[in-house]
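Please look through the sequence and the model shown here before reading on. The paragraphs that follow begin with one local feature and then turn to each chain as a whole.

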Amino acid sequence: MHKQHSELSKNDLFSLWLEGDLSGQQVLDFEALCLNDDEFSERVSGANSFIMASEHYQSTEVPNWNRDSTFEETQTTKWWQWQGFASLSFVTSCCAIVMVLTGLQVRLDEGTVTISFAAKPSSQEVETLVNEKMLEFQQTQQLALNQYTKNLQQQQLDASTQLTQYLLSASRKERREDFVDLIKHVNEQRGDDQLFYARQLSKLQQDIYAIPMKSDIGEINE
Amino acid sequence: MFEKSDEQLIARALQGNKKAWLTLLKRYEKQIYHYGMRMTGKNEDALDLMQEVFVSVFRNLSNYRNEGSFKSWLYRIAHFRCIEFYRRKKPMQGLDDVPEVESEEISAADAIHCHQENRQLINAMQQLPLAQKAVVELKFFGQFTFDEIAEQTGISANTAKSRLYGALGKLKQIMEVDYA
């Protein structure tokens with residue numbers, strides 16, 4: 001257990017040394033380990049030799065190479081080829097769908113912008129709508145009433161005319177019938193009179209013829 | 001004459017300024033080239049790797065969010081490009097496998113670009129597995145802390161430490177043999 005703990009400490013110290021982060025006490029511990037621990041000392045010396053070798057590494061100049069091949073010309077895209085148009089179109093479509101589904105209404109009324117998300121109209125709008133409907137209904141009714149009145153008047157006029165015509169025609173007929181009856185009566189009277197006069201004349205004639213005969217008889221008788 | 005910061009050069013390079021990009025590239029090309037030399041051991045491979053790293057950096061430049069230093073971000077990309085390069089070159093070899101030593105000495109062509117004092121160190125590093133080599137490279141040549149190394153390589157700080165200790169042990173043996 002103690003050995004494992006010290007092993008961990010050695011690793012930690014070694015890594016801190018590599019990072020250059022050893023504090024005062026840690027430096028002392030590190031140096032003590034280098035002196036007393038052969039394995040640790042060898043590890044440190046190996047690291048040191050590699051660090052020295054790396055420090056002596058000569059960074060020679062880079063051979064000539066085709067640097068231009070790493071640069072890819074980016075063609076300047078025109079504004080109508082802007083990549084964001086597809087996304088913008090999609091977002092706009094989504095907004096339009098949402099606006100339709102939620103029944104979005106934007107009203108500008110006397111400098112006030114009202115945005116509502118329901119198809120249900122406001123009370124003011126309902127009132128206006130009702131008023132409009134009522135006015136329309138009233139106008140329709142007025143027109144219908146006027147038409148009805150006009151029709152009724154026309155009907156009454158027609159009826160009066162018909163009645164008058166009827167009365168006129170009826171009185172004319174009656175008068176004609178009366179005249180016919182009168183003429184008939186007069187004719188009958190005249191017929192009767194003619195018959196009476198004919199009889200009278202006939203009687204008279206008989207009387208006239210009867211008178212000589214009497215005188216004849218009287219003469220006879222005489 | 002004031003030198004432009006990495007961030008200023010990146011902003012201009014993103015606007016398509018080639019000069020700014022080349023200035024930024026030249027600022028770090030030596031570090032990346034020698035990173036490649038130590039990681040691959042060959043001048044040709046180091047140049048190929050450097051080109052791949054800078055092409056990748058340029059393509060991902062817009063993703064750099066100024067979180068941490070540009071150097072740290074650059075080495076992170078270099079590390080992943082190096083692993084890809086390694087897998088392409090040696091597909092049958094794992095990152096923790098000890099590589100087969102192809103040649104004790106650097107080839108004559110590579111020696112032209114390699115300083116005499118560097119040869120032993122580069123040869124020694126080629127005998128380490130890639131996972132250990134990457135930690136040694138980042139610690140002693142990149143001067144990164146264990147936490148930064150852990151972030152760049154995607155491992156824990158403790159794993160980075162244990163890889164470094166293992167690598168130092170091997171390097172000590174290799175270099176003792178070489179110097180003997």
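In chain A, strand β1 (residues 105-109) and strand β2 (residues 112-116) run antiparallel and are joined by five bridges, where two strands are taken to pair if DSSP finds at least two bridges between them. Helices (H or I, at least four residues) and strands (E, at least two) are DSSP runs, numbered from the N terminus. Within this pair, A:V106 faces A:I115 of β2(A). Two residues lie between β1(A) and β2(A), which form a hairpin, and in its turn A:E110 has a positive phi of about 55 degrees.

This is a predicted model, in which local features need pLDDT of at least 70 and side-chain atom pairs count only at pLDDT 80 or more, while totals for chains, interfaces and linings use all residues. Residues are numbered from 1 along each chain as its sequence is written, chains are lettered from A and ligands numbered from 1 in the order in which they are written, and side-chain values use heavy atoms, with hydrogens and water left out.

Taken as a whole, chain A has five helices and two strands, and from the N terminus its elements follow the order α-α-α-α-β-β-α. Of its 222 residues, 13% are buried, a term that means under 20% relative accessible area, with exposed meaning over 50% and partly exposed in between (1.4 Å probe, protein chains only). Among contacts (heavy atoms within 4.5 Å) in chain A with a separation of 6 or more, 26% are between residues 24 or more positions apart. The accessible surface of chain A is about 18600 Å², and carbon and sulfur atoms supply 57% of it; such areas come from the Shrake-Rupley method with a 1.4 Å probe, and for residues only the protein chains shown count as cover.

Chain B, by contrast, has nine helices and zero strands, so that its elements read α-α-α-α-α-α-α-α-α from the N terminus on. Buried residues account for 53% of the 180 residues in chain B, and 61% of its contacts with a separation of 6 or more link residues 24 or more positions apart. Its accessible surface is about 9000 Å², with 48% belonging to carbon and sulfur atoms.

One residue of chain B can be followed in detail. B:Q31 lies in helix α2 (residues 18-40) of chain B, and B:Q31 counts as partly exposed because its relative accessibility is 30%. Apart from neighbours within four places in sequence, B:Q31 is in contact with B:R38, B:K71 and B:Y75. B:K71 is 40 residues away from B:Q31 along the chain, yet their C-alpha atoms are separated by 9.8 Å.
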